[in-house]
Amino acid sequence: MGEGAPADAEDVLQDAFLRWARTDREAVRVPAAFLRRMVTRLCLDHLKSARVKRESYIGPWLPEPIVEEEPVEDVTLPLMLALERLSPLERAAFLLHDVFGESFEDVARSIGRDAAACRQLAARAREHVRKERTRFPLERNHGLAIAAASFEASRAGDATRLSALLADDVRFHSDGGGKRPSAGRILDGAAEVMRGLSAIFRLRNGAPELDRLAFVNGLPGFVTREPDGMLQTTALLIEDSSVKAIYIMRNPDKLRHVEGAVH
């Protein structure tokens, strides 16, 4: 239930471990349920403070990139963003009931709401999540081939080749966190996205180097070393062989673990 940073999850788990170590375990009837309730409440406290920080975040926000060799279809970047758009209570009710299989009565005890309210929270969350589920699974090599073509067109600054890969309603997300240049808002539509990319091509000093093709938060993409020497990850949401969304991570604070794992 964290805000997309592995370090945040580690902090919550460490806090839970310390609290569990101080707990009178003889008085705990069902340890698994007790621990879920404890971690849920710690996560809710964390989310409240994290949302305050998010309000001052510069530009579009994306979760930290997880770079893998194989796709993970169940937890893709659009699904992660859908979860982030849920309220903390909606997310807690959905995860505890739909993922961990707890009854709504147990969920109610964990989040301090009655069972009927928890049922409504989970239903709203389920509807949001359902909309972001992958409708048409993408074959692994086909996704990587489109990612490779996208990189080559971008590296060459070839707007015509890149434009041919984009869906008409493509969206462009770029997270620099105010620490590296990035689009200040989400760009909508192929025309606007291409204007933005064409400006990047004109302004950059040199071409990016490909570190590797990979799956970034479950989506086909690539890791590059940019002309300024910094790493960048790019993830592509692909439907019907067209790129529907581009997610670029440029914030160095969110790329430290990727830097340590470059080939």
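Buried means a relative accessible area under 20%, exposed means over 50%, and partly exposed lies in between, with a 1.4 Å probe and protein chains only. The model is predicted, so local features need pLDDT of at least 70 and side-chain atom pairs count only at pLDDT 80 or more, while totals for chains, interfaces and linings use all residues. Residues are numbered from 1 along each chain as its sequence is written, and side-chain values use heavy atoms, with hydrogens and water left out.

Take the loops between strands. Helices (H or I, at least four residues) and strands (E, at least two) are DSSP runs, numbered from the N terminus. N217 lies in the loop between β4 (209–216) and β5 (219–225). Its phi is positive, about 50°, although N217 is not a glycine. With 4% relative accessibility, N217 counts as buried. D240 also has a positive phi, near 50°, and is a residue other than glycine. This residue sits in the loop between β6 (231–239) and β7 (242–249). Is D240 buried or exposed? At a relative accessible area of 68%, D240 is exposed.

S241 is found in the loop between β6 and β7 as well. Its relative accessible area is 39%, and S241 therefore counts as partly exposed. Contact here means heavy atoms within 4.5 Å. Not counting residues up to four places away in sequence, S241 touches H142, I146 and L165. D98 lies 143 residues from S241 along the chain, and the two C-alpha atoms are separated by 32 Å.

R250 belongs to the loop between β7 and α10 (256–259). R250 has a relative accessible area of 12% and is therefore buried. Which residues does R250 touch, not counting those up to four places away in sequence? They are S174, D175, G176, R180, P181, S182, E226, D228, Q232 and L255. One of them, R180, is 70 residues from R250 in sequence, with a C-alpha to C-alpha distance of 6.5 Å.

Now the helices. Helix α3 (residues 77–85) is mostly covered, with 7 of its 9 residues buried. Those buried are L77, P78, L79, M80, L81, A82 and E84.

Helix α4 (residues 88–99) has 12 residues and spans 15 Å from its first C-alpha to its last, close to the 16 Å expected at 1.5 Å a residue. The expected span is 1.5 Å times one less than the number of residues. Of the 12 residues in α4, 9 are buried, and the helix is mostly covered. The buried ones are P88, L89, E90, R91, A92, A93, F94, L95 and L96. After α4 comes G101, whose phi is positive, near 75°.

Two packed helices are described by the angle between their axes and the distance between the axes. Axes are lines fitted to C-alpha atoms, for helices over the stretch in contact, and angles run from 0 to 180 degrees between N-to-C directions. Angles under 35 degrees count as roughly parallel, over 145 as roughly antiparallel, 65 to 115 as roughly perpendicular and the rest as oblique.

The axes of α4 and α5 cross at roughly 140° and come within 10 Å. The two helices are therefore oblique to each other. In the contact, L89, A92, A93, L96 and H97 of α4 meet F104, V107, S110 and I111 of α5. These residues divide into 7 nonpolar, 2 polar and no charged. In this scheme Ala, Val, Leu, Ile, Met, Phe, Trp, Tyr, Cys and Pro count as nonpolar, Asp, Glu, Lys and Arg as charged, and the others, Gly among them, as polar.

The axes of α4 and α6 come within 8 Å and cross at roughly 90°. α4 and α6 are therefore roughly perpendicular. L89, E90, A93, F94, H97 and D98 of α4 make the contact with C118, L121, A122, R124, A125, R126 and V129 of α6. By class, there are 8 nonpolar, 1 polar and 4 charged residues in it.

Helix α5 (residues 104–111) packs on helix α6 (residues 115–132) at an angle of about 95°, with axes 8 Å apart. That makes α5 roughly perpendicular to α6. F104, E105, V107, A108 and I111 of α5 meet A115, C118, R119, L121, A122 and R126 of α6. This contact of α5 with α6 has 8 nonpolar, no polar and 3 charged residues.
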